[in-house]
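Trainee: I'm new to this one and would like to see how the labels get assigned. Can we go through it together?

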Amino acid sequence: MSASADTQAEVSKISILGSESIHVGFHLLPYIFHTILTKLPSSTYVLVTDTNLAALYLSQLEEEFNNVSRSLGSKSRFLVYQVSPGEGAKSRKVKAEIEDWMLGEKCVRDTVILAFGGGVIGDLTGFVAATFMRGIKFVQIPTTLLAMVDSSVGGKTAIDTPAGKNLIGSFWQPSCIFVDLAFLTSLPSREVSNGMAEVIKTAAIWVEEDFAALESSATEISLAASSKPESTAGRFAKDRSAAQSLLLRVVSGSIHVKAHIVTIDERETGLRNLVNFGHTIGHAIEAVLTPTMLHGECVSVGMILEAEVARSLGVLSQVAVGRLTRCLKAYGLPVSLSDRRIASIPAASGLTVERLLDIMKVDKKNSGSQKKVVLLSRIGKTFEEKASNVDDDVLRRVLCEAASVVSGTPTKSPVVMATPGSKSISNRALILAALGKGTCRIRNLLHSDDTAVMMNALSELKGAVFSWEDGGDTVVVEGGEGSLTTPAGGKELYLQNAGTAMRFLATVCTVVSATSPDAPTTIITGNARMKQRPIGPLVDALRENGAKIDYVEGESCPPLRIAPNGLQGGHIRLAATVSSQYVSSILLCAPYAKEPITLELTGGQVISQPYIDMTIAMMKEFGISVERQPDSDIYRIPKGVYVNPSTYNVESDASSATYPLAIAAITGTTCTISTIGSSSLQGDARFAKEVLEPMGCKVEQTASSTTVTGPPVGHLKALGNVDMEPMTDAFLTASVLAAVAAQPCNAEREVAGSRPVTSRIYGIANQRVKECNRIEAMRTQLAKFGVETDEFDDGIIIYGKQLSTLTSGASVHCYDDHRVGMAFAVLSSVIPNTVLEEKRCVEKTWPNFFDDLQNKMGLQTNGVELQHASTSKSHQSTPQHPIFLIGMRGAGKTYIGKLAAEALGGEYTDADDVFGEHTKLSVSQYVETHGWSEFRATETKLLHAFVKEKRGNHIISLGGGIVETPEARQILAKHIANGGRVVHVTREMGDIEGYLDSIGSTAARPNWGEGFAEVSQRRAPWYRECSSHEFFNTLAPLSDQSQDDHHSAMRREIARFFNFISGLATNRPNLGSGRFSSFLSLTFPDITPALTDMDELTEGADAVELRVDLLASGRATEEYVAKQLSMLRLATPLPIVYSVRSKDQGGLHAPDNLEGYVNLVNLGLRAGCEFVDIEICWPVKTLDQLVASKGVTHIVASWHDWSGEMAWDSPALRAKYDLCAKYGDVVKLVGMAKSTADNLALATFAADHPEKPLLAINMGAAGQMSRILNPTLTPVTHPLLPSRAAPGQLSVVQINTARGLLGMIQPRQYYLFGSPIGASVSPTLHNTGFQALGLPHVYSKHEAAQVDQGIIDIISSPEFGGASVTIPLKLDIIPTLDMISEHAKIIGAVNTIVSLTVDGKRQLQGHNTDWQAIHKAVESNLTLSTGERSTALVIGAGGTSRAAIYALARLSSKPRILLFNRTLANAQKVASSFPESFDIETIDTLDNLPSRPKIIISTVPGDSLCLSHAEGTGIQLPKGLCTSDAAPGIAIDLAYKPHQTALLSLASTSGWKAVSGVEILCLQGFKQFELWTGGRAPEKKIRQAVMDKYLAQT
Ligand SMILES: NC(=O)c1ccc[n+]([C@@H]2O[C@H](COP(=O)([O-])OP(=O)(O)OC[C@H]3O[C@@H](n4cnc5c(N)ncnc54)[C@H](O)[C@@H]3O)[C@@H](O)[C@H]2O)c1
Ligand SMILES: [Zn+2]
């Protein structure tokens, strides 16, 4: 039989295991079926695929099969089986289903089974084929890139089990593998990248040339995979596009390598291990992050980490790691665990180093306990021809986020080394060599994103050809002699955030020549940050010279559109006071202008002259001499072409070189840097001579090398006055040395009037605006070592200390700033146990810094796992931008602003005050003299300055009329676009008018001259347009609230709101942790009547849902909603789920009112709701817009099916799920159950969709079971509510009771340990709570005066849930526990035990909730005026005083603490055991206190204090103790009896807040309850029961 013409195709054939069974090409279906039908004849062909692919290709498959079958006269059957897409299909269940179906279809041994799909289909189908009737033939038709290059090749088949992936399977080779690349066009780009990870891996271990091709053509290759060819183009070589040929080459190349390796070692005994490069660590990561992250994505990160392992072992160079990193990034793959795609998913918190190491233990490659990793030795080659043994310590060093340097003497001294190449010189050398004539070999080039971007751009402009030698250590440049062309097809040059490249290329692009008419200009652009970086002066100068350059987006910033042939030459004037890079940019290109250039620098003081000199010196080395007119800033540059030297050695970066030299200085050893010396033009090269020598080091410098020998350890001299203006970046290195420079400085440098050990570094003001405010950073971090510092306008002062007096064990925050990290690494070489919290901060300039410390200098480094990595991070990350408040006068901006600043620990500024300081006039005076428009102009100027100068945590309240000018509105809108926050403060209109009337017309603000209502109406849209958020100010207390309660509720809400919108605290429950969570649905048309009961209504709930559509029975205005929301906030601290439910989804919102829906949802987002519900039934465009502005809010994407028609296993429902998952952080699917069996279908569905937190329930009575089983945010009702939000809704108590009965909640035993505890009310407290929530737990007393066998037995029993611990056991219990919280450690006492299961193991944790109770009591009762520093008095120095002191020190207002005790020595002992920063002062009398306390806490027994000696025997409290200058204070008596102690009576009579011991007992009990149950305690009920019991006893 001969093939009919249309079954022919051209394919590349690749041989595996001795047969050419892999066929690669395009549009192969006819060819595939023809080949199968002729080569593998059978009565039955079974095609297995998934529903995704079936939707795309099934009809085509059937049609092509029939055509071929008909033409061949075949009678064979063609059967198709579809499974659900996703890894879930690789299961025993699905395998069995396929087998049963095949048996039912009477398939016999001659059946040929075709796997059509990705790796999942291939693995599953292959395994079916391997065992069906003891093995039948099978064919792979892979449709994902991963399957094409990896899983379909090699014959490994498998399914997953709960114990792990791919654990059951077999080797079963397919008869044929047809790789049809045309299928890739429908593959999502994320899946393409996923496959590219394997392609890159294969090239990296085996063929350097392939890797280089992947590296240089990333964009083309990605494009080729996705571009849709016309019809069947590409089936034959002659009609293949260039893109198709490239893709074919890349994929075949990769398959070829894999096939080769498999052929040599089919059963994976050694060599085949190599294809596991990146997989040892990658698999461990995947195990934690699956299914959210894909295999290839995890392997991508794994490859980088494993390459770093090789680098750390000294086997692989940083150049190779850099190339690998950039290549993976170019294909859109993540390269580190801090990648946002990874860090943002909840499961990422499970990526602890120990967990990863633990998972790696079960790797199939391991022999025994020894872990194995494939080590690269260079790109294209591995260290061994198999995986190598690697110790855990090395893995830990690479995996840990933090590092420590073991202090001691560098063992390699005298060290001789080179440090990374200078970035400035590297960038210049690249431009020069590219523009030059001939070949230039550049050595020691810095390999960074910046230089890579520069090389890419120059290649795109066809300006030069780059290649690599020596495994990448040498870059070979074939110069283009200045001939460049605009990029083909108008392609933009993307420069990321590489500032130098942007500035240099701006001029380079003016000298390119025009190409085709489709690309008349060159566009250079970058990331968001780049688009804010100024470039105006350079563009001005070039434009003046005739260049045509346009700003594509913002004025004076990139992106730029540059017309070719633009550099005319002649006289160019350039303002050079901002950046010397503008000057260098013009200088470098000047020889290629049409006329010789005379460059005149204007504007006075030229910045960074040394960089200009560097450019000129380098130009000379490339054959062009620039002439500087004597004593002027005028340069003449002749026309010409650079002549490339055959080699060019890039000098080391002088700033980097300071670190090893400083290590020599501080450790008293010797270090030579061989790549930088006295001839260097880099300012920092003077560091050795001008900083180290005066400190007492021996410095020898040749033209190109520098050697430093430090004095004996501890003998560095202080610097005195030192001007570091020429070497500003090195000031951090100097600062750490100055910190231990305890010898007096040289006399001539002495700082007048200061100590001789003073180092005063000046000329470094610019360091405040680098990666971080470096002066502040150095001061804060040095303080952790106990080093005193100070700062002034352009510098820092450091007071040297004896080495031995510095604090060891400091944990240094590096601000993600490489210089901070490396400077403190120097200090850690002499201060033991210093931890550098983010070791990767060095990556910017010296990625292998820590490896070099270890391998080249001989200082051992270790990985350190931070205890509370995630929490410490959120505390440290202060927002980048200030927060502005806008709104009408009288809306409450000042009140809110001050409280917000207090909550964020930041500053508050009133713009009016600044205006006054600035103009020396009040606003109204100013308006009177200068008029409104002048006033607005000045106001706008101030706003501009605020945006530029103020940093995070700063709250600035602006004048009400700021929005009147378009310019100010623009500034605010831009601020928001850049990630800043502007909060519109609103208040009910009537309230504001009333308020303004009440205060009368004030002198500070002028009158508008028009009505209030008019003004406010006119401004309303502007306020909206210029704000990102809205805070509705409810000034009146809720019905049952006192003024004080209202104020503290406002404070709580303001703190929540501002912390929330700044991204500092989400106030959200932890979803997806396996804990059940729920929210209460509020169904009131007006929630006001329910506010008093809110505590009871929300018992056991984790959030409250506000059903906005039900408010005002569906007719609520936005103002009404805002007000209701605001009142709800004052009534409950719980997070809010904000839902607008439309009619067809079961609510009241009109389904045709899209605009109303959008406005209401936006209101929820702007109001900072923790969750906002979005219905996916609205148009996709609307959903896109809403989700784009969600900020920190989490979206609950919802779908409700009221019809009851949608089955949980239907494709329709799956489609709804996909849509919800696309938009939501939480997916909400609600069906209608007809029978209880529907709930089982739901459960199966939920189990198959673990990707996102899923709220899936069935309505109706038959669906109640689903509400009991649903783990995430189950909507609940409460008996006190007027109606249920949905049919079948249950209460928390009902659900908990049912869960208890179903065995879903294990009954636990809780205890009180201590003695005497006979009268304790703790059992009442906790048992009331358990009962109120329907929990099956029991709390009982266990009296014991020591930790005896009884206690040991209790805490080791499996039913043990936790315990309260009281005297005398708070200390003694500690050794029996597995983990103690940081707080409890500092306080030195445990009052709470929690039994938890962590990673499958039982863990007993010790906590202290006493301090939390005290902290809470103070926080919610104390009123401070802003900026006031209060004083707190603690009475007593026993154990409890420690909790009190700790609570005080953790207050955001940081009070001064006075500690009183009758025996002063005891007080001193307590004080000295806390950090100095707590600021504790001990006193032995209560008379004449150094300042008036506003907080008094007594920790002594109730009878130890008295008001007068007539009343008792204790210490007498002075009558005036409870007075204060401003608002009344708060007194807390921790004594439990009597109820009214002397302190409390004194407080009450003085008008102070008095908090009793019972109240503190309740508060600490609530915290315990939270720790034990994971949810809030029903506080009101508990408090009631406890008081009843307590009062009955007394
Ligand atoms: N056997 C081996 O040697 C080996 C090697 C590597 C990976 N694997 C296995 O492969 C599996 C992963 O394979 P995968 O990455 O191909 O994932 P996959 O099979 O799950 O496919 C990914 C997704 O893409 C869809 N899809 C597939 N082809 C498409 C196309 N042409 N157009 C549009 N959509 C398409 C699928 O429906 C699926 O939703 C894992 O189970 C892994 O263990 C096996
Ligand atoms: Zn893989």
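**Reading the labels**

Mentor: Let's begin with ligand 1: one of its nitrogen atoms sits 3.0 Å from a polar backbone atom of Phe183. Keep in mind that this is a predicted model.

Trainee: Which residues come nearest to ligand 1?

Mentor: Out of 24 residues around it, the nearest are Asp50, Glu87, Thr143, Thr144 and Ser186.

Trainee: Now the zinc ion (ligand 2). How do you know which atoms are its donors?

Mentor: A donor here is an N, O or S atom within 2.8 Å of the metal. Glu198 (OE), His279 (NE2) and His295 (NE2) lie at 1.9 to 2.1 Å, so they qualify. Water is not among the atoms, so a site may look incomplete.

Trainee: What spacing do those donors follow along the chain?

Mentor: The pattern is E-x80-H-x15-H. Glu198 in helix α6 (residues 189-206) and His295 in helix α11 (residues 295-312) are 97 residues apart, and the pair links distant parts of the chain.

Trainee: Why is His295 called buried?

Mentor: Buried means under 20% relative accessible area. His295 has 19%, so the label applies. Glu198, at 1%, is buried too.

Trainee: And why does Val1434 get the label buried?

Mentor: Its relative accessible area is 0%, which is under 20%, so Val1434 is buried. You'll find Val1434 in strand β57 (residues 1431-1435).

Trainee: Let's turn to the second largest pocket. What is its volume, and which residues are closest to its centre?

Mentor: The volume is about 1400 Å³. Among 42 lining residues, Glu215, Ser216, Ala218, Thr219 and Asn456 are the closest to the centre.

Trainee: Which elements give two or more residues to that lining?

Mentor: They include α6, α7 (208-216), α8 (218-226) and α17 (449-460). The most comes from α17, with eight residues.

Notes. Residues numbered from 1 in each chain as written. Chains lettered and ligands numbered in written order. Predicted model: local features only at pLDDT ≥ 70, side-chain atom pairs only at ≥ 80, totals over all residues. Heavy atoms only, no water. Donors = N, O, S within 2.8 Å, 3.2 Å for Na, K, Ca; no water. Helix = DSSP H or I, 4+ residues; strand = E, 2+ residues; numbered from the N terminus. Buried < 20%, exposed > 50% of the residue type's maximum accessible area, 1.4 Å probe, protein only. 1 Å grid on protein atoms, 1.4 Å probe; cavity = no way out; pocket = protein on both sides within 12 Å on 5 of 7 lines; lining within 4 Å. Points joined across faces, edges and corners; volume = space filled by probe spheres on them. Near = heavy atom within 4 Å. Polar contact = N/O pair within 3.5 Å; in protein donor to acceptor, adjacent residues only side chain to side chain.
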